[in-house]
Amino acid sequence: MNDQVLRRYVRDDRLVGFPARWTRKLAVLGHVSTHTFVPGERYDEQTVNERLGPWCDGGPVDHVALRRYLVDVGYLSRAGGEYWMTGPALS
């Protein structure tokens, strides 16, 4: 199912849509996180925004919303102005 979901919402490393259904949303966010961030590395907010920007270019969500979604679902963690990957690759 994940491959079908990703084909529908991701093209050429860009989001062309954003699912409303929770399981599909998690699949898309998991793909974005694992293709954008490296486990164990820490990033400042500007770097996170720069890395997420290309995913959002002309798409349905902006980098701020995408960053918030990643934190809300636990794929990125944040403290002291730093972000780091906490899932799904680390699950």
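Predicted model: local features only at pLDDT ≥ 70, side-chain atom pairs only at ≥ 80, totals over all residues.
In general, strands of a sheet pair through backbone hydrogen bonds, either parallel or antiparallel. Here, S4 and S5 pair in the antiparallel sense over four bridges.

Next, find helix H4, which spans residues 63-72. Its buried residues are Ala-65, Leu-66, Arg-67 and Leu-70.

What do the buried residues of H4 pack against? Their partners include two helices, H2 (22-34) and H3 (45-56). The strands S2 (14-15), S4 (76-79) and S5 (82-85) are packed against as well. After H4 comes Gly-74, which has a positive phi, near 90°.

## Three salt bridges

Side chains of opposite charge can pair when their charged atoms come close. How many salt bridges are there in this model? The count comes to three.

One of them joins the side chains of Arg-14 and Asp-57, with 3.3 Å from N to O. This pair links distant parts of the chain, 43 residues apart: Arg-14 belongs to strand S2, while Asp-57 lies in the loop between H3 and H4. Arg-14 is partly exposed, at 37% relative accessible area. Another salt bridge is formed by Arg-42 and Glu-82, whose closest N and O atoms are 3.6 Å apart. Because Arg-42 lies in strand S3 and Glu-82 in strand S5, the pair ties together parts that are 40 residues apart in sequence. Glu-82 is partly exposed, with 33% relative accessibility.

Glu-45 and Arg-67 also form a salt bridge, and their closest N and O atoms are 3.8 Å apart. Glu-45 is in helix H3 and Arg-67 in helix H4, so this pair ties together parts 22 residues apart in sequence. Are these two residues buried or partly exposed? Glu-45 counts as partly exposed, at 36% relative accessibility, whereas Arg-67 is buried, with a relative accessible area of 13%.

Why does Lys-25 count as buried? Its relative accessible area is 14%, and buried means under 20%. Leaving aside neighbours within four places in sequence, Lys-25 is in contact with Phe-18, Pro-19 and Ala-20. Val-5 is 20 residues from Lys-25 in sequence, and their C-alpha atoms are 8.9 Å apart in space.

Thr-34 is also found in helix H2, and is partly exposed, with a relative accessible area of 34%. A polar atom of the Thr-34 side chain lies 3.3 Å from the backbone oxygen of His-31. The side chains of Thr-34 and His-35 are joined by a polar contact of 3.3 Å. Turning to Leu-6, 28 residues from Thr-34 along the chain, the C-alpha atoms of the two are separated by 13 Å.

Notes:
Residues numbered from 1 in each chain as written. Heavy atoms only, no water. Buried < 20%, exposed > 50% of the residue type's maximum accessible area, 1.4 Å probe, protein only. Contact = heavy atoms within 4.5 Å. Pairing = 2+ DSSP bridges. Salt bridge = Lys/Arg side-chain N within 4 Å of Asp/Glu carboxyl O. Polar contact = N/O pair within 3.5 Å; in protein donor to acceptor, adjacent residues only side chain to side chain.
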